[in-house]
2 protein chains.
Amino acid sequence: MRVIDHIQERKRQGKVPYYSFEYFPPKTEEGKVNLKDRVERMVGDLDPLFIDVTWGAGGSTSEASLQVSHWLQTYSGAEVMMHLTLTNMSLEDLDSALEKAKELGINNILALRGDPPSGQERWVPPGAGLEYASDLVRYIKQKYGDYFGVAVAGYAEGHIDCETRDQDIRNLKTKVDAGADLVITQFFYDVDTFLDFVDRCREIGITCPIIPGIMPIQNYQGFHKMTTFCQTKVPQEILDKLEEIKDDEDAVKDYGVELGTKMVKKMIDHGIEGFHFYTLNLERTVRRTLENLNIIQKERDTPWRKVATRQTEGVRPIFWNYRPKSYIDRTYSWDDYPNGRWGDSRSPAFGFSYPMERYPLYTLKQQESLIKKWGTPTSIEDIEEVFVKFLKHEIDRLPWYEEIVDKETLIIQNLLQNMNRKGLLTLNSQPQVNGLPSSNPGVGWGPTKPEGYIYQRAYIEFFSPQNKVEDIIEELSKNPTISYVATDIQGSLKTNIPEGTTIAATWGVFPNREVVQPTIVDRDVFYNWWSKEAFNVWLNEWGSLYEKDSESYNLLKSIHDTYYLFMVVENDYIKGDIEKVFERVLERLS
Amino acid sequence: MRVIDHIQERKRQGKVPYYSFEYFPPKTEEGKVNLKDRVERMVGDLDPLFIDVTWGAGGSTSEASLQVSHWLQTYSGAEVMMHLTLTNMSLEDLDSALEKAKELGINNILALRGDPPSGQERWVPPGAGLEYASDLVRYIKQKYGDYFGVAVAGYAEGHIDCETRDQDIRNLKTKVDAGADLVITQFFYDVDTFLDFVDRCREIGITCPIIPGIMPIQNYQGFHKMTTFCQTKVPQEILDKLEEIKDDEDAVKDYGVELGTKMVKKMIDHGIEGFHFYTLNLERTVRRTLENLNIIQKERDTPWRKVATRQTEGVRPIFWNYRPKSYIDRTYSWDDYPNGRWGDSRSPAFGFSYPMERYPLYTLKQQESLIKKWGTPTSIEDIEEVFVKFLKHEIDRLPWYEEIVDKETLIIQNLLQNMNRKGLLTLNSQPQVNGLPSSNPGVGWGPTKPEGYIYQRAYIEFFSPQNKVEDIIEELSKNPTISYVATDIQGSLKTNIPEGTTIAATWGVFPNREVVQPTIVDRDVFYNWWSKEAFNVWLNEWGSLYEKDSESYNLLKSIHDTYYLFMVVENDYIKGDIEKVFERVLERLS
């Protein structure tokens, strides 16, 4: 979706102000993995309008830029804007970059002329009359019509190369007239200059959104270097203040937050609706600034994080709740559904495709740290201990969890801990919810003005040793509203629900809408796909940390080979009591 | 859907025993209209497995039979089985009858040889080797494969024309082997004979369902005539009992119910699962027998009555709740939806087709009786009075109501009466429901073992004089969870919800299923279609009772020309209070 359409949508929903984050592609593989984690966290917590990734000057990092953009667009949940400059690009390079961006599902381009590569006086234009950013805008529009949303850069203080501010604003108008949807400005520290710039733009007929670029001061050296390089005008009082505290790193950071907050507040008061943060790949300062401003747009459309390439996705099986990337991988080739839904095994289009590209599993450093967390288990008790520690937040990761899980999402704690202590190793779960407001900080999602109501059926998934399976099933069967499926790696099947059963797991009822049911429990998907993936993790993810035929590896393999995976739904979300049901199961087992 | 498939479905759902009703085509138009009303009531209240309509001996009433079958199949909500006999039929007649049945959406045929027409010794076979019922079965199967479900007749006491019972059962086996799905027997009064018949059938390998025919004794003369004509064996004790009470009509009817109950009970005890009632177009005795037996299958799949030709229909706009036939007419050509839904204006296939065939409006007799009910109004107060009387059950019909409405379905009585007294003339409405069990006798529908939960948003629709519209809207707008649309016949539009809005009006949450939402409020359908139909009723239905330019006609026309139709939804089905909202509206208006 184009950023300009996101802006319209946010305005319609009253989610204003909005903000976006800019990153640069890291140089090392390790750096890339860390950036992914960081962006994911920032996107999940802060819900930016879009994120963008810079294009290496001279195209040196252009591959990295494409790679990171692609990864973020596919998995992070944010809309990605890719930078594209004319610097050091042949016409073929340009065409291939655009074509690749389209292939990778990227919908937004920031069209730049770019600076000459270091050592060169002036850059060589790619030809075909492409000399200015406006030419690039025109070129993209001619070739791709409305497929790409195009943004251009604005300079509140005037571009360095430009003789007068008036001339600079006329250049900007040329770029907008060529087909740009919005303007993002270079960073500045003098708000009045920016507000004056906006007024002048409006006067000569630039009507699209103009988003100010904010670079929070994160440390003194960096700030000094950047403002000098860009010849940024810095008000004297800022310079004075920094001079005073420049040796106290924390004080500089605090001031950066304070100043950013003040600048944004002033612009909001003057009617500015969106802000673009140059993050320099750092997290804390931006986060603190937004928290200070009290403008974090944390509203979730669905209980799970949507990805940018699938704005219409409405349904996901609950099983992949903690492995969203795996789910996206598996369903990568899906884009059009006859019934407008995702993940329903009754759809004729259903069928998992093979992972298109394996996202990085563990780096070497991560492997080391994971062995520290999960130990070298030699008994079932060791394994139980790992699951319990995870629930108690003593370790922050389990092999089945692709991301670090918020404390809040692990609920029904006591029950889950008891189950793990008794050898029932728990994976996905959710507590029962009967009509809580959609603004509820724990389970809320969807529109909140006016509020809707959220419902959840209690759900628990766990591995069980084979010798406990019959007892568990006998105990579960005493409850007429409990549905279960149990299976092992050989494909044994024990269940009390017929083939084709799909159960609503999470739904929401909102004003002026039909009932929305984003999370489902699909019996056949559990049996045919999810259980196999979950068993596979024992061997190929956790198991991959140890030597083959080591004691730990063999232990994990024997679990993989003999355990059953259960999923249990309490259908009665009003009077049901899954804790009581499992208390009785555990009593019977002991 | 074929009857044999309905049987499997009922067994799967535990809805056993099942029962079916047989009718004959009435000779007069008046009779036909009355039969339609009666069948509709019986189907709505008793939910038979199927209904069937006899084929006039000698084809004399074959047209009537097709016509009635078609009408019932389309509107009554029951699956229809059409009789077809070889008597007096040419091969062309036969082909044309089958072709027509298929065209009309009828899926089930009872294949009979038939009796010779009166005055003839023996009937003339249609040729093509068609001499026996088994030939007809084979012919249908050859030509139509599994499109038609085919039933054949069985004779518990042996067919009159057949020398021995053994020969008769061998004949039956031939019919079943030719492709019949089930056997329906001629009526009998000796249960032991029937049970023995079933045993013999099973012995020689007839495995399909054998449904006993029950003809409750409704009056002495009729019983005597029928049993004599069919040479039915009647146990002496029945004859003795009838002899005793034959002059007391009510006593005979009571005995008929008692006897029927006893016979069915005995058969249920012997494992018989289905019963076919020869109703003779009468209602009370069959109804009382079923009530006595306590086997009425009243469970509704959806809040509205499904029609047999649309087993997959899942959604209807609330507006046509009291005009289901009009809705079916309008959507007659719909059969396949890309998203498996009905009635959503966002569907690319949406668009009302013209009524395929206007169901009979009013007979002359009905017109007279309606004028008695609705009077000859000369003032708005007269009109208000009619609406209030209807709500108080002092009259049983309004022009907008295609069927007589159960008392229970008109709820929020006080509010509606007050609105009508203040000049807001109410049509469709439903009260708020927050999670009542699906077995609730008032609002329940859908599976009940185990129970699910039912939800409804409060909904009210009403006509308002133009001069009250602004006040109403101002008052409604004070409530953030109220949505409304108001329009007049000229197409003015006043609303607080955007185009494309579809609101869930009724939904149900059942074990092992996704959330089902069978009734919706669709803004665009209300504005573009329903409001026009509702206005039209003033002029072309109610207005049709009076001379053009009469005072009453002109009054109705002025309402048609100037009033607004409102629909109002209270989105908050938990904390909303639509009665309070309208109390305030009414206060403001007075």
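I took helices (H or I, at least four residues) and strands (E, at least two) as DSSP runs, numbered from the N terminus. On that basis I counted 19 helices and 18 strands in chain A.

The model is a predicted one: local features need pLDDT of at least 70, side-chain atom pairs count only at pLDDT 80 or more, and totals for chains, interfaces and linings use all residues. Residues are numbered from 1 along each chain as its sequence is written, while chains are lettered from A and ligands numbered from 1 in the order in which they are written.

**Chain A overall**

I checked burial next. I called a residue buried if 20 or more other C-beta atoms lie within 10 Å of its own, exposed if 12 or fewer, and partly exposed in between, with C-beta atoms placed from the backbone. Of the 590 residues in chain A, 44% are buried.

Then I looked at contacts (two residues whose C-beta atoms, placed from the backbone, lie within 7 Å). Among the contacts in chain A with a separation of 6 or more, 74% join residues 24 or more positions apart.

**Domains of chain A**

I looked up the domain bounds, which come from an automatic or database domain assignment. Domain 1 of chain A covers 3-293, and domain 2 covers 316-347 + 365-589. Their C-alpha centres lie 40 Å apart. Each of the two gives 5 residues to the contact between them. On the domain 1 side, α2 (29-46) and α3 (62-75) of chain A each supply at least two residues.

I counted two strands as paired if DSSP finds at least two bridges between them. In chain A, β1-β2-β3-β4-β5-β6-β7-β8 make a closed barrel of 8 strands with parallel pairing. Neighbouring strands there are turned by 30° against each other on average, direction ignored. For angles, axes are lines fitted to C-alpha atoms, for helices over the stretch in contact, and values run from 0 to 180 degrees between N-to-C directions.

I followed one pair. Strands β4 (108-112) and β5 (149-154) of chain A run parallel and share 4 bridges. Asn108(A) sits opposite Gly149(A) in β5(A). Helix α5 (133-144) of chain A packs on the sheet and touches β4 and β5 of chain A, at about 150° to β4(A).

**The open sheet**

I turned to the sheet of 5 strands in chain A. Its order is β9-β17-β16-β12-β11, with mixed pairing. β9 (316-317) and β11 (433-437) of chain A are at the edges with a single partner strand each, so one side of each is left without a neighbour in the sheet. β16 (502-509) and β17 (516-522) of chain A are antiparallel, with 5 bridges. Thr502(A) faces Asp522(A) in β17(A) as its opposite residue. Helix α17 (523-542) of chain A lies across β9 and β17 of chain A, at about 55° to β17(A).

**Chain B and its contact**

Which strand pairs did I look up in chain B? β9 (316-317) runs parallel to β17(B) over 2 bridges, and Pro317(B) stands opposite Ile520(B). β16(B) and β17(B) form a hairpin with 6 residues between them, and Asn512(B) in the turn has a positive phi of about 60°. Ile503(B) has Val521(B) as its bridge partner. In β17(B), 7 of 7 residues are buried.

The contact between the chains takes 25 residues from chain B and 25 from chain A. On the chain B side, β16(B) gives the largest share, 5 residues.
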